[in-house]
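Hi,

Here is the structure you are taking over. Please open it first, then read the notes below.

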Amino acid sequence: MKHLIEPTDLTVAEIEEILSLAEDIIAHRDRYREACKGKKLATLFYEPSTRTRLSFTSAMLELGGTVIGFSDAASSSVSKGETVADTVRVIRCFADIIAMRHFKEGAPLVASQYAGIPVINAGDGSHAHPTQTLTDLLTIRREKGRLDHLTVGFCGDLKFGRTVHSLLRALSRYEGVRAVLISPEELRLPDYMQQELAEGSALEFREVRRLEEAMPELDILYMTRVQRERFVDREEYERVKDSFVLDPEKMRAARKDMIVLHPLPRVNEIARAVDNDPRAAYFRQVENGKFVRMALIYTLLKWAGENRPLECTPLFSEPYSVNEMRCPNPRCISATEDVDRLFRRAGEGWRCAYCESRPE
Ligand code: ASP
């Protein structure tokens with residue numbers, strides 16, 4: 001059973017297959033109107049989301065399938081204390097595929113171990129957001145014509161920004177990609193990610209503290225919101241929230257063919273005046289999200305029907321250990337639910353398989 005928990009669960013060839021299918025869907029919408037007729041998607045959203053949930057819903061409806069689910073934890077049995085494992089064991093009797101968003105890091109990975117039907121991670125804590133990554137990749141491919149030999153600026157909240165973590169990982173598998181990491185000191189890309197990119201990939205990256213420094217060299221500027229809900233310290237949020245604002249003045253220093261992406265929602269990190277600039281691609285990006293989710297749902301259901309074996313999964317393609325170590329991250333699913341404590345080897349050390357923290 002193939003799931004999508006992290007972007008690297010898909011090989012580069014599989015990503016290519018999904019992006020090409022998304023482009024075919026865009027070109028021939030009518031051909032796919034009944035492609036998932038009779039199939040049900042369960043959207044299990046334990047954390048608020050409008051865009052992603054509605055994008056999944058409209059994707060399944062446009063494929064001729066139907067959708068069940070809930071849109072916040074309060075209206076699910078989690079409010080009665082049910083575990084993720086039990087919830088998905090119930091849902092598998094009602095649906096063919098699951099899209100799960102959860103505030104706990106690693107919850108979709110737990111779900112994938114018990115569901116028996118394909119599970120798509122629709123965002124887990126500040127960990128990963130692979131369908132946003134597919135959206136970003138499709139947008140880059142449609143706007144720039146390629147996924148390699150690009151200089152990409154990542155700006156804003158690189159610490160908690162799960163979309164940034166997932167896109168960096170995905171891009172690190174293409175040739176000639178350079179990343180410029182633009183953030184305040186407090187919101188730097190986590191050390192584990194920096195180490196992983198430095199040791200395990202050909203991606204070149206450097207950190208800068210001012211957007212102006214990076215602007216002229218970028219093919220893509222990936223803006224992000226400072227995520228208030230992930231801060232424990234309110235004062236720290238207030239201090240950094242307005243660190244970077246993209247405005248027409250800064251856009252003047254950019255290349256004529258640079259594009260601006262943003263996973264949305266925007267707060268004030270992109271001035272409204274930038275919206276009319278043809279280089280602002282963030283609303284085109286939203287539409288691509290629906291098409292790529294159509295392609296993903298269709299493909300995972302097809303693979304499930306074929307009993308396609310797993311090709312790369314973080315749990316089984318590397319050495320792993322069970323129950324011998326403890327994850328120190330309070331946002332990890334292993335902190336609150338009775339799950340096997342799974343750790344996978346990463347370079348010289350071990351990382352929690354759910355949230356990637358180093359063990360205690
Ligand atoms: N929509 C994106 C996410 O779910 C970005 C954000 O919320 O700022 O991670």
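Strand S8 (residues 220-223) is covered on both faces. Ile-220 and Tyr-222 are buried on one side, Leu-221 and Met-223 on the other. Buried means 20 or more other C-beta atoms within 10 Å of the residue's own, with C-beta atoms placed from the backbone. Strands are DSSP E runs of at least two residues, and helices are H or I runs of at least four, numbered from the N terminus.

Please note that this is a predicted model: local features need pLDDT of at least 70, side-chain atom pairs count only at pLDDT 80 or more, and totals for chains, interfaces and linings use all residues. Residues are numbered from 1 along each chain as its sequence is written.

S8 pairs in the parallel sense with strand S5 (residues 151-155) over four bridges. It also pairs in the parallel sense with strand S9 (residues 259-261), over three bridges. Pairing requires at least two DSSP bridges between the strands. Tyr-222 is the bridge partner of Phe-154 and stands opposite Leu-261 in S9.

Tyr-222 also matters for the next item, the core. The largest nonpolar core has 97 residues, and Ile-98, Tyr-222 and Ile-297 touch the most other members. Such a core is a set of buried Ala, Val, Leu, Ile, Met, Phe, Trp, Tyr and Cys residues joined through C-beta atoms within 7 Å. Helix H11 (residues 282-305) gives the largest share, nine residues. The core lies between domain 1 (130-286) and domain 2 (320-352), because both give residues to it. Domain bounds come from an automatic or database domain assignment.

Best wishes

Key. Buried ≥ 20, exposed ≤ 12 C-beta atoms within 10 Å, placed from the backbone.
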